[in-house]
Amino acid sequence: TYYRNWDLDNNIRVDADTIDIGAYEYISSMVACGVISSDTTWSESVLINCDVTVNSGVTLTVEPGTVVKFLGRYKLNISGTLLAEGTNDSMITFTAYQQSSGWKGIRFYYTASTNSQSIIEYCNLTYGYANGVSAVDKYGGALLFYSCAANVLVRNNIITNNHAAYYGGGIYISNS
């Protein structure tokens with residue numbers, strides 16, 4: 001089945017895995033794209049429609065039970081702090097809308113030690129695919145830590161169905 005990802009006003013059409021039959025969509029999910037330059041909280045349902053970067057000194061908090069769905073081959077760059085703290089009963093999910101093409105993962109790339117500790121706990125990371133243009137973008141399908149001086153806690157997660165063009169289908173760590 002073929003469909004357009006945007007309505008007639010170039011707004012996202014996909015919401016909670018459904019597309020209605022109208023020319024204009026009602027989107028109840030939060031839509032994220034671009035640079036996060038102030039402390040931000042995501043909850044319930046978040047749709048990512050371009051690369052997202054959390055600036056240094058800024059905290060992105062993802063509430064338990066939130067589903068973060070990447071609508072294309074986009075990545076979440078963490079230059080600041082990520083607090084993705086789900087619970088055993090209310091995990092956070094990071095996944096791709098189109099599982100066959102995936103998303104580009106969560107990237108800690110030259111993240112400075114001056115940021116607060118990041119936490120990725122009780123998260124489900126699925127369908128990440130690292131196959132970018134640069135060599136480093138071909139590592140770490142779900143999580144990449146590259147020359148990362150930041151303190152990051154990763155525990156109690158489910159990391160499945162991820163792959164990379166080079167190494168670290170689930171997690172890749174280098175100089176970190």
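Analyst: Two strands are said to pair if DSSP finds at least two bridges between them. This is a predicted model, and in it strand β10 (residues 118-121) and β14 meet that condition, pairing in the parallel sense over four bridges. Within this region Ile120 stands opposite Val154, a residue of β14. Strands of a sheet pair through backbone hydrogen bonds, either parallel or antiparallel.

The pairing of β10 with β14 belongs to an open sheet of five strands, whose order is β2-β4-β7-β10-β14 and whose pairing is parallel. Its edges are formed by β2 (40-42) and β14 (152-155), each of which pairs on one side only. From one strand to the next, the twist averages 15 degrees. For the protein as a whole, the count is zero helices and 17 strands.

When its neighbours within four places in sequence are left aside, Thr126 is in contact with Phe94, Thr95, Ala96, Trp103, Thr160, Asn161 and Asn162.

Two of the aromatic residues in that list, Phe94 and Trp103, also bear on each other. The structure holds nine aromatic pairs; in one of them the rings of Phe94 and Trp103 have their centres 6.4 Å apart and their planes at 20 degrees, so this pair is stacked. Phe94 counts as buried because its relative accessibility is 0%, and Trp103, with a relative accessible area of 0%, is buried as well. The rings of Phe108 and Phe145 likewise form a stacked pair, since their centres lie 5.0 Å apart and their planes meet at 20 degrees. That pair links distant parts of the chain, with Phe108 in strand β9 (residues 106-109) and Phe145 in strand β13 (residues 143-146), 37 residues apart. Both Phe108 and Phe145 are buried. Elsewhere, ring pairs link Tyr139, Tyr166, Tyr167 and Tyr172 into a cluster.

The cysteines deserve a separate word. The structure holds one disulfide, which joins Cys33 to Cys50 with an S to S distance of 1.8 Å. The torsion about the S-S bond of Cys33 and Cys50 is about 115 degrees, so the disulfide is right-handed. This bond, too, links distant parts of the chain, as Cys33 lies in strand β1 (residues 30-36) and Cys50 in strand β3 (residues 45-54), 17 residues apart. Cys33 counts as partly exposed, at 46% relative accessibility. Cys123, by contrast, counts as buried at 0% relative accessibility, and Cys148 is buried at 5%.

Of the 176 residues in the protein, 43% are buried. Among contacts with a separation of 6 or more, 59% are accounted for by residues 24 or more positions apart. The protein exposes about 8,600 Å², and carbon and sulfur atoms supply 47% of that area.

Methods. Residues numbered from 1 in each chain as written. Predicted model: local features only at pLDDT ≥ 70, side-chain atom pairs only at ≥ 80, totals over all residues. Heavy atoms only, no water. Contact = heavy atoms within 4.5 Å. Phe/Tyr/Trp six-rings, centres within 6.5 Å; stacked < 30°, edge-to-face > 60°. Buried < 20%, exposed > 50% of the residue type's maximum accessible area, 1.4 Å probe, protein only. Helix = DSSP H or I, 4+ residues; strand = E, 2+ residues; numbered from the N terminus. Areas by Shrake-Rupley, 256 points an atom, 1.4 Å probe, with all protein chains shown as cover. Disulfide = S-S within 2.5 Å. Axes fitted to C-alpha atoms, helices over the stretch in contact; angles between N-to-C directions.
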